[in-house]
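Work through the exercises below with the sequence and the structure at hand. Try each task before reading its solution.

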Amino acid sequence: MRTRLSLFLLLLFLSSCAVVLSWKKEEFRNCNQTPFCKRARSRKPGSSPFLAADVSISDGDLVAKLVPREPDPDQEDQEPPARPLALTLSAYRDGVMRVKIDEDYPSQESPHKRRFQVPDVIVSEFESKKLWLQRVSTERVGGDEGVSSIVYLSDEYEGVVRHDPFEVYVRERSSGDRVLSMNSHGLFDFEQLREKKEGEDWEERFRSHTDTRPYGPQSISFDVSFYGADFVYGIPERAASLALKPTRGPGIDHSEPYRLFNLDVFEYLHDSPFGLYGAIPFMISHGKARGTSGFFWLNAAEMQIDVLGEGWDADSGISLPSSQKRVDTFWMSEAGIVDAFFFIGPGPKDVVKQYVGVTGNPAMPQLFAIAYHQCRWNYRDEEDVENVDAKFDEHDIPYDVLWLDIEHTDGKRYFTWDKVLFPHPEEMQRKLAAKGRHMVTIVDPHIKRDESYHIHKEASKNGYYVKDASGNDFEGWCWPGSSSYIDMLSPEIRSWWADKFSFENYVGSTPSLYIWNDMNEPSVFNGPELTMPRDALHYGGVEHRELHNANGYYFHMATSDGLLKRGNGNDRPFVLSRAFFPGSQRYGAVWTGDNTAEWDQLRVSVPMILTLGLTGLSFSGADVGGFFGNPEPELLVRWYQLGAYYPFFRAHAHQDTKRREPWLFGERNTELMRDAIRTRYMLLPFFYTLFREANVTGVPVVRPLWMEFPFDEATFDKDEAFMVGNSLLVQGIFTERAKHVSVYLPGKESWYDLRTGTAYLGSKTHKLEAPEDHVPAFQRAGTIIPRRDRFRRSTTQTVNDPYTLVIALNSSQTAEGELYIDDGKSFEFKHGAYIHRRFVFKGGKLTSLNMAPATSGNLPFKSECIIERIIILGHAGGPKNALIEPGNLKAQVEFGPLLLQGRSSSGVLTIRKPGIRIADDWTIKVL
Amino acid sequence: MKAAKARAVLALLSLCVLSIAGSASSSIPTDPFVGIAPEDLKYYKSSDVIKCKDGSKKFARAQLNDDFCDCPDGTDEPGTSACPGAKFYCRNAGHSPVLLYSSRVNDGICDCCDGSDEYDGKVNCSNTCWEAGKVARDKLRNKIATYKEGVTLRKQEVEQAKLALVKDEEELTKLKNEEKVLKGLVQQLKERKEQIEKAEEQERLQKEKEEKEKKEAEEKAEKEKIKTEEEAKQEKKEGEIKAEIEDIGVANTDHEKIGLVEDTPSDQNVEDDFEPLKEIENGDNAVSRGQQANGVDQHVVEDKDESVSQVSQKESEIAVEDVSRADQMTASGKDLSEDTEALSKEELGRLVASRWTGEKTEKEDKDGIIEDSEGEDHEETSKDAHVEDEDEYASDADDDDQRYEEDDIEDDVDEDVPVEDHYDTSSSHESQSDDELDLSDTTTQTSPSWLEKIQQTVRSILQAVNLFQTPVDKSEAARVRKEYDESSAKLSKIESRISKLSDKLKYDFGKDKEFYSFYGRCFESKQNKYVYKVCPYKQATQEEGHSTTRLGQWDKFDDAYRVMIFSNGDRCWNGPDRSLKVRLRCGLKNEVAEVDEPSRCEYVALLSTPALCLEDKLKELEHKLELMENEQPRPHDEL
């Protein structure tokens, strides 16, 4: 009690201090102001009333009833005894166990309300991976009095349901060691739908808003433990460290739980557990002892998650039957059902693959989309667009996409153009397209309530808007003023929305135009916490509270479908979204929202992007330069240097900020920013290959160090450096006028400086001079990186340009790498129209192998591109010639620079003009 | 040799591999010297081993344009895209030659009008140099024609400026002489006056002594009464301001509202005052070159201008203060957050939107009101408008109060030290006509006569008074006082004029004084709903309807007199103080065009003026045209 009071006082103190901060903290609920969170957090371990009964196999699943224990007669003010719940446990190939717990709806009476299960997220292929469970065995585990039911998951793992007390876990078959468990601390609770009692008040008030809560409390909470784990990661989105810090436990000052509730947060703070624009309830654990496992709860209601610090359960009297090191977590959600996925791992990449096996692989972006994007709120008119475009050419800086924010529309009516500022949108896009460039316009989900606006007219006529609690079209305030919101939960409405993107319907659009979805949390300026009231109603009577976190996902989906339709299914959509949910990776890119031009925000962009990548959203970035505020030129330059390695590389700025296009800060800074952007263009073949890897496996483009070095403990909580693919380590510089920078290089092999080719030893922290002209980046020994060293105005002009291969040899003089190429635009790659090569250097010989399976399809993809240069780092000898097979041709070998405009170095061997085609099989022997 | 070998190798390769590798793999140009500027050819042809221009390396002739980058600076690849640092020369016969970034070579886009940058056969570029060159030459000829005329105009301007400056300086010298003489006279009068007063004092000493105590007692009583009154007044006023602030707070601080209230009356003043002023300005050009009388006009214009700006400046300062007060409240957040609970849904929506948009909401609010077509909304807006009106009345009254007070102050100042440039603030002022007369007196050529007149008068006074030492002649004393008052008034007028003239002459009118005529003038440009007014040496404004925003105060010329800078304009809601950069270019008339706001609250404008039509530049253009015309091939070349 005393701690509670002191916490309260502390909170009071904090909130009174926080006035100076720009973040409007008081506008958002904390856990204490959120009844379900407050209730759940106050629950004691072991209080869960359920035990498992009637365990059997049905339709290939293990099914059981969770029945409440007999009530303790000594305890007063008891809730009425809970009804039984229905549990279903299923096993899937590749190491996934799924546990569903829902109310056990009596079949005879159909209740007026069923709990919401999120549709449209789990991919159809997932069901085909289901293992048809045949039998369940029982055993007494450890010293248990009661029995546990055990099912097969894979040859190495088993799923266990302990009956009393109820507990579910995954264990290793041979050792019996646990991997992941649920309700081991008896915190499982499930508030069932019920009739309102007389005099009971279900309404909830926050500030001036009232939530009618017609169905009353319906929250769910439970604990999840990760075994053999040192850290947990994941559950975006927030501006916080990669390894999640404990939010409860001994020695931890009061902290909010990690919140998952999509919100439009004005000027968000770095290093805060507060949830931002997107929500992915997927957590990954990693530890030296066991490796990696993951837990995913498919639920779209508000969620709060505590990471429990070691010793948090010391007073509970519960000791788990395991001596393994462990991370405990506590999950709370306001509504929905339990639909939980246990990912067994055991490697980091395995867990990510298991997760995208459920929620879908990231879409393959077009080539232009992974190049550099230039954005500002707002490029004001056609002349402005033309000038900015011309300036890029004047300064020989490549860029691929120019963006238009909300001001391009006629009064924030999306799909329209401001007639004065943008009288000739098609011509404007064509002019850009003539230089191979694309345009992106913004389309937001709030629809201006204006009878003369065709979208509004149709939507209101057809009843396509989300309804308020009383059943009328919900009205909120956003950019256009009074607005309503399309209900994207309905497939019919999504299809109607998708049609709006056809060239006929979106007047002024051309094939080079793509789309940006902002404000889709949804942002409602006068709503509770700046979003939609929880009692608003969606298609099928679904309450907004049940759906909230998936709102942006459905909007993103509908827009992406629109672009797909527009291109007759053969033009890869590009849609950037701010809000997201599991599965968003199938529809396009996301960015980290409205960040600020501060060094700390540059720093936090790295863990934010890494976390997104871990949770399936490989294609993500932060606004280069920082959205709010004016970056000093040095910060802007550093941001470009780091941003060049973001999967999604876009500069953006608030309309109140000074112009900051790369040429506005003097010649030297222009040069530095051009260099940074060109570095990205140079590495595009490498990046594109990684995007393809993500598309096939889900393994993200940029990765935490521990994903590539899972046994190097020093990497587990590092989040200032990251890996691009398995080959490149990038270290940001996050301080002003930094003289030095420390870089930890993991692994046993050496690393080669990306600019100079200088070798550095692995498993060591190097203190380097902080260079002005780039952030430190190193190629890992044993890898081969494909590059394109010629610069063009945009990616479109590079299709015929030759490649450079950079081979970094390891201590055994070997290296491997890949190159993936397709047309960069269409879906023909799905029918085999691509080139996928594997390069292997071994025994002084480089070999190019075909990676494309013979059965991949029948559409051809041809490339006449050649390799103009092969660079070898770390070669032991001093070869003079290279011999090319087939043809028995010779090519010269010389010392050359690693970068064309750099100096030659004796460590950099260059094979001049081997003239071999990228599409062919060949070998080159260095003599 | 090597190149030939390489090509042979490639040919072999293409035989071995079953496809057309040869054409694909090579963008090697047929002409080894492609992309090299004529003046550079010697460098490349002089020897078989060529140095990279940065001195870092050497390369063999065969490596020239072999589509492989050897030099870090790109010396070896002027004709291909292999080196990022290289430049490609297109001759563009019929037009002007161009140096392209190597990134443009064989990229599928025709950049050179002669199409020489696309030689790998992937695209076909037609030669458009003849037409493009013709257009460019015509454009250049037009430009030259403008320059020619402009140069003449500029010369005239410069001449006139020199004359006018001489005149200004003459006037200044003359005024300084007058000042000296007058100072002497005033000093004499003062001494005389003091003598008389001394005598009078002695005379009155007795009398005064008797009355003194009584009088002092009276005065003291009076003073105290005034003091208490003032204090009461002050308190009341503070109370009112407080109430106003609270009102604003409750009514969800709307900048626009405050702006309107404060701006409307003052703007009307400005407009009223500017109307006649413009007429004078227009005539000004011709007039100022003429006689002295015209000079008067011009002074009138300037003076008037300045006083107007003083007034409007004061008022805008008030407005700014109020706005910033409101800003502070908005920014403080606390007030706001406390208030939001009491807001209507719409107000809350607007308020939150304004965090991102800043003052932009004001405009949007307006838009919203105009565009809203629903009856319900109409009701709301009219209600809003009503409230606004009330507000306006209330603070209008406040405002008037303030203004009266200011006027009072000015009047006071006037009585003490007559200020020349006073006469446009209030038409009821009596001293006005006198001032005007006096002013023309001081500046017309007949001025010696008034000075002589005064001198005579003073002489006569001094003589006359000298005759009667004591007792003091009452009428004589009055005459001395009157003369003293009049002369010292005149003296301050002259002093003020001197200081104005010297201030003016301190300004930078350019290398050849070519910007002299900009002094005291304003250039206007109307764009959409805004009127931009650029007044060199003074300020620049943006007017929308009745509201005026200062884009900046005159700062300086920049970039060798090619840019005028106005800085420290009105504060932006969420940004810097407004500023304006006016880029100058040669034109036959002084005209502002293309006002733009590329960054929030940082404006740029273009002003064409003969002052920028420089002879050197003309010669440069003529030379360029000459070159272009020499480059023209015979028409047959085209075909």
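**Exercise 1. How many salt bridges link chain A and chain B? Name one pair and check it against the cut-off.**

Solution. 
- The model is predicted, and side-chain atom pairs count only at pLDDT 80 or more.
- The count between the two chains is eleven salt bridges.
- One pair to inspect is Lys658(A) with Glu602(B).
- The N to O distance of this pair is 2.5 Å.
- A salt bridge needs the nitrogen within 4 Å of the carboxyl oxygen, so the pair of Lys658(A) and Glu602(B) qualifies.

**Exercise 2. Find the residue pairs in polar contact across the interface, then state which elements of chain A supply the touching side.**

Solution. 
- The rule gives 24 residue pairs in polar contact between chain A and chain B, with both residues at pLDDT 80 or more.
- On the chain A side, helix 5 (382-394), strand 48 (866-873), strand 50 (889-897) and strand 51 (904-917) each supply at least two of the residues that touch chain B.
- Strand 51 of chain A gives the most, with six residues.

**Exercise 3. Describe the extent of the contact between chain A and chain B.**

Solution. 
- Chain A brings 65 residues to the contact and chain B brings 63.
- Together the chains bury about 5700 Å².
- Carbon and sulfur atoms give 50% of that area.
- Within chain A, the most area is lost by Trp477(A), Asp656(A) and Arg793(A).
- These three account together for 12% of what the chain A side buries.

**Exercise 4. Summarise the fold of chain B in numbers.**

Solution. 
- Chain B holds 15 helices and twelve strands.
- It has 639 residues, and 41% of them count as buried.
- Take the contacts of chain B with a separation of 6 or more: 54% of these join residues 24 or more positions apart.
- The accessible surface of chain B is about 35800 Å².
- Carbon and sulfur atoms own 50% of that surface.

Definitions and conventions. Residues are numbered from 1 along each chain as its sequence is written. Chains are lettered from A and ligands numbered from 1 in the order in which they are written. This is a predicted model: local features need pLDDT of at least 70, side-chain atom pairs count only at pLDDT 80 or more; totals for chains, interfaces and linings use all residues. Side-chain values use heavy atoms; hydrogens and water are left out. Helices (H or I, at least four residues) and strands (E, at least two) are DSSP runs, numbered from the N terminus. Buried means under 20% relative accessible area, exposed over 50%, partly exposed in between (1.4 Å probe, protein chains only). Contact means heavy atoms within 4.5 Å. Accessible areas come from the Shrake-Rupley method with a 1.4 Å probe; for residues, only the protein chains shown count as cover. Buried area is the accessible area (1.4 Å probe) that two parts lose on being put together, summed over both. A salt bridge is a side-chain nitrogen of Lys or Arg within 4 Å of a carboxyl oxygen of Asp or Glu. A polar contact is a pair of N or O atoms within 3.5 Å; within protein, one must be able to donate a hydrogen and the other to accept it, and residues adjacent in sequence count only if both atoms are side-chain atoms.
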